[in-house]
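Please look through the sequence and the model shown here before reading on. The briefing that follows is meant for a reader who is new to this structure.

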Amino acid sequence: MKNAFKLFGSGSFILLCFLLSGSELRAAEKSPISVKAEVDSAFITIGDPVDYTVTVKRNPDVEILSSITAPPSDIFKIKKIDEFRRDEDGQIVSGRKIALTSFRLGDFILDPVKIRYRVAGGEEKTITTNPLYITVQSVAGGEEQTDIRGVKTVLPIPSKFVTWLILTIVFAALVVGAIAFYLHWKNRPIIEAAPERLLTPEEEALQALTRLFESELLKQGKIKAYYLTLSEILRIYFEKHYGILAVESTTYEITRDLKQKSLTPALRAKIQEVLEASDLAKFAKWKPEPAEIIQLNKKSKEIVEEAGRESERRETEVVREL
């Protein structure tokens with residue numbers, strides 16, 4: 001009897017699995033179209049490329065009525081768009097592969113793409129892809145922290161007497177320390193602290209450039225990280241000194257905005273040269289020679305120094321006119 005029950009149970013289970021799989025196959029066969037959106041990496045460094053692909057898989061009798069839209073250009077810059085189409089198991093697979101990049105830090109959502117379609121002889125319908133999430137990080141955002149120290153175990157206390165003795169000694173030490181601190185604080189000489197002088201934008205930028213020049217990035221072969229830092233230092237300085245949006249702007253946008261400022265042609269040319277060279281090192285895998293690195297470092301400092309002198313000269317002229 002038990003054997004018969006086991007046989008019946010296993011046979012029922014196999015039959016149930018067969019029916020379920022058959023129903024799933026029929027459900028899959030009922031869908032004439034499917035869409036999918038994907039990226040090759042959800043975490044990228046600022047300026048690095050990421051491939052965004054939208055794939056449509058459909059039966060031959062399905063007509064696509066809309067195109068695949070690209071992400072918003074205010075967040076992502078489109079570098080390349082490739083259309084693809086192929087036959088796969090009696091179905092048509094088509095879509096777009098879009099190479100994107102971003103110069104804005106943060107977490108962003110690629111909105112779902114709506115595809116309008118119509119099966120032959122049917123009415124128009126819509127199918128939507130899944131949303132995607134991309135995090136744009138700075139160059140130093142992904143560095144691994146290695147300074148992790150082990151936790152020491154707690155020493156067992158042998159008896160209550162030793163516990164009370166230790167607590168008494170600790171309490172006495174705290175009281176003596178508090179009294180000594182109070183007497184020292186009461187009898188301390190009163191010295192007026194000199195007001196801390198705030199650094200000018202020029203001093204901040206020159207100090208940051210000096211730290212970069214003395215760093216180990218070039219010795220370690222981290223050319224991209226070196227020129228990304230150099231570019232960020234100058235862009236931060238331009239925002240503070242000229243009052244323009246420079247950190248998240250392209251080199252073209254910065255030079256365009258600086259045309260409205262009273263810069264000498266020589267200074268404007270130096271700014272454009274250093275920023276364009278930094279872009280080449282960051283995004284075009286350009287490796288400058290040592291002599292070129294020295295010249296770019298020199299011109300970076302000259303940009304800050306000359307901009308500061310021009311500002312002082314204009315202030316002096318305004319005072320004289322008054």
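Which residues does Glu 202 touch, not counting residues up to four places away in sequence? Glu 202 touches Tyr 237, His 241, Val 304 and Gly 308, where contact means heavy atoms within 4.5 Å. This is a predicted model, in which local features need pLDDT of at least 70 and side-chain atom pairs count only at pLDDT 80 or more, while totals for chains, interfaces and linings use all residues. Residues are numbered from 1 along each chain as its sequence is written, and side-chain values use heavy atoms, with hydrogens and water left out.

- Glu 202 is found in helix H3, helices being DSSP runs of H or I with at least four residues and strands DSSP runs of E with at least two, numbered from the N terminus.
- With a relative accessible area of 18%, Glu 202 is buried, a term that means under 20% relative accessible area, with exposed meaning over 50% and partly exposed in between (1.4 Å probe, protein chains only).
- The largest nonpolar core has 31 residues, of which Tyr 227, Phe 238, Tyr 242 and Ile 271 touch the most other members; such a core is a set of buried Ala, Val, Leu, Ile, Met, Phe, Trp, Tyr and Cys residues joined through side-chain atoms within 4.5 Å.
- At least two residues of this core come from each of H3 (201-213), H4 (223-242), H5 (251-258), H6 (265-283) and H7 (290-321), and H4 gives the most, with 10 residues.
- A second, separate core of 25 residues includes Val 50, Val 56, Phe 76 and Leu 228.
- Helix H4 is largely enclosed by the rest of the structure, because 14 of its 20 residues are buried.
- From its first C-alpha to its last, H4 reaches 28 Å, close to the 28 Å expected at 1.5 Å a residue, the expected span being 1.5 Å times one less than the number of residues.
- Just after H4, Gly 243 takes a positive phi of about 70 degrees.

**Strands and sheet**

- Four strands form an open sheet in the order S1-S3-S6-S5, with antiparallel pairing; two strands pair if DSSP finds at least two bridges between them.
- Strand S1 (33-39) and strand S5 (77-88) stand at the edges with a single partner strand each, so one side of each is left without a neighbour in the sheet.
- Within antiparallel strands S3 (residues 50-58) and S6 (residues 91-101), which are joined by 9 bridges, Thr 53 stands opposite Lys 97 in S6.
- Strand S10 (residues 132-137) pairs with strand S2 (residues 43-45) in the parallel sense over 3 bridges, and the bridge partner of Thr 45 in S10 is Gln 137.
- Strand S7 (residues 106-110) runs antiparallel to S10 and is joined to it by 5 bridges, with Thr 135 in S10 as the bridge partner of Asp 107.

**Aromatic pairs**

- There are 4 aromatic pairs, counted where rings of Phe, Tyr and Trp (its six-membered ring) have centres within 6.5 Å, with planes under 30 degrees apart counting as stacked, over 60 as edge-to-face and the rest as tilted.
- Phe 76 and Phe 108 form an edge-to-face pair, 5.9 Å centre to centre with 75 degrees between the planes, and both residues are buried.
- Tyr 226 and Tyr 227 also form an edge-to-face pair, 5.2 Å centre to centre with 70 degrees between the planes.
- Tyr 226 is buried, with a relative accessible area of 1%, and Tyr 227 counts as buried at 0%.
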